[in-house]
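Biologist: Hi, could you walk me through this model? I'd like to get my bearings.

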Amino acid sequence: NKKLKQMRECHESAHMMSRYQYVMDSLLCKLRLIDADLKKDLKRPVVQKITGRIKTVESIRKKIEKKGLELNGNCVVNGLNDIVGVRAICFFRDDIYRVADAVRGQKDIKILKEKDYVAKPKRSGYQSIHLIVEVPVAYYETVEYVRAEIQIRSFAMDYWAELDYQMCYKKNAGEVEAIRKEICGYSDVMAQMDSKMIELRKRIEQETMKG
Ligand code: 0O2
């Protein structure tokens, strides 16, 4: 319809795209700096991978329909916070909280909302920390604030989420019900694995301290 056509034109305009690109790049840089600092402090690798994406118009359209969201006059979708999304994947589960703390400590970005799906996984079994942030984009005389989502998760949680995404996440209810149930159980297996790996790392740290 007319509104969606308008949104498509607006989303894909050079102005919007460069704004989203800027926000994504600055968040990626931030995460790289945070990783470098943590690595230096902890004297071991912390972040395994950092990625980012800008949501496609097709994906925005689907989310608008699914959630019944409204477009406002400036083609901003009210309630859609993740057009820009970045992700930090950590080797160990306890490090995701260190990365989240470091993000909270950044002076130039504002945290609007936090979701801890690690402490309380989603019904699907999905685990991750999500921080909804607002990033300033400065122009000559004005500053615009753009929302973005930072997902922080462990290597094991990421492995689970990527496969769940491929096999279940956006499928219709009923279509993959049995698979969904089974994969949900493996989310616990990932959590156990994460705990075990922390135990092993701590044993090595103790040995190193003794020696
Ligand atoms: P895509 O394709 O990754 O962009 P809310 O804030 O509660 O109003 P929202 O934004 O759906 O609603 O928040 P939520 O539930 O925290 O999920 C945001 C993103 O987390 C999703 O984005 C997925 O990337 C990921 N996610 C959430 N639940 C699951 C899950 O069960 N399995 C997997 N694999 N990923 C999940 P999008 O826009 O849905 O998709």
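Modeller: Happy to; we'll go through confidence, the ligand shell, the helices and the sheet.

Modeller: This is a predicted model, in which local features need pLDDT of at least 70, side-chain atom pairs count only at pLDDT 80 or more, and totals for chains, interfaces and linings use all residues. Residues are numbered from 1 along each chain as its sequence is written.

Biologist: What pLDDT does the protein average?

Modeller: The average is 92, and 97% of the residues score at least 70; pLDDT is the predictor's confidence in each residue, from 0 to 100. The model also scores ipTM 0.94 and pTM 0.93.

Biologist: Nice. Which residues come nearest to the ligand?

Modeller: Ser-124, Tyr-126, Ala-161, Asp-164 and Tyr-165 come nearest, out of 13 residues around the ligand. Near here is a C-beta atom, placed from the backbone, within 6 Å of the molecule. Helix H3 (57–67) and helix H5 (155–169) are the elements that give two or more residues to that shell. Helices (H or I, at least four residues) and strands (E, at least two) are DSSP runs, numbered from the N terminus.

Biologist: Which element gives the most to the shell?

Modeller: H5 does, with four residues.

Biologist: And by class, what is in the shell around the ligand?

Modeller: Four nonpolar, three polar and six charged residues. Ala, Val, Leu, Ile, Met, Phe, Trp, Tyr, Cys and Pro count as nonpolar, Asp, Glu, Lys and Arg as charged, and the others, Gly among them, as polar.

Biologist: Back to H5: at what angle do H5 and H6 pack?

Modeller: H5 packs with helix H6 (residues 177–210) at about 170°, with their axes 9 Å apart. Axes are lines fitted to C-alpha atoms, for helices over the stretch in contact, and angles run from 0 to 180 degrees between N-to-C directions. H5 and H6 are therefore roughly antiparallel to each other, a label for angles over 145 degrees.

Biologist: What classes make up that contact?

Modeller: The contact of H5 with H6 has 10 nonpolar, one polar and three charged residues. Contact requires C-beta atoms, placed from the backbone, within 7 Å.

Biologist: Switching topic, in what order do the strands sit in the sheet?

Modeller: The order is S1-S2-S5-S4-S3, an open sheet of five strands with mixed pairing. Strands pair if DSSP finds at least two bridges between them. Strand S1 (47–54) and strand S3 (110–116) are the edges, each pairing on one side only.

Biologist: How many bridges join S1 to S2?

Modeller: Seven, and S1 and strand S2 (residues 84–90) run antiparallel. Gly-52 stands opposite Val-86 in S2.

How values were computed
Parallel < 35°, antiparallel > 145°, perpendicular 65-115°, else oblique.
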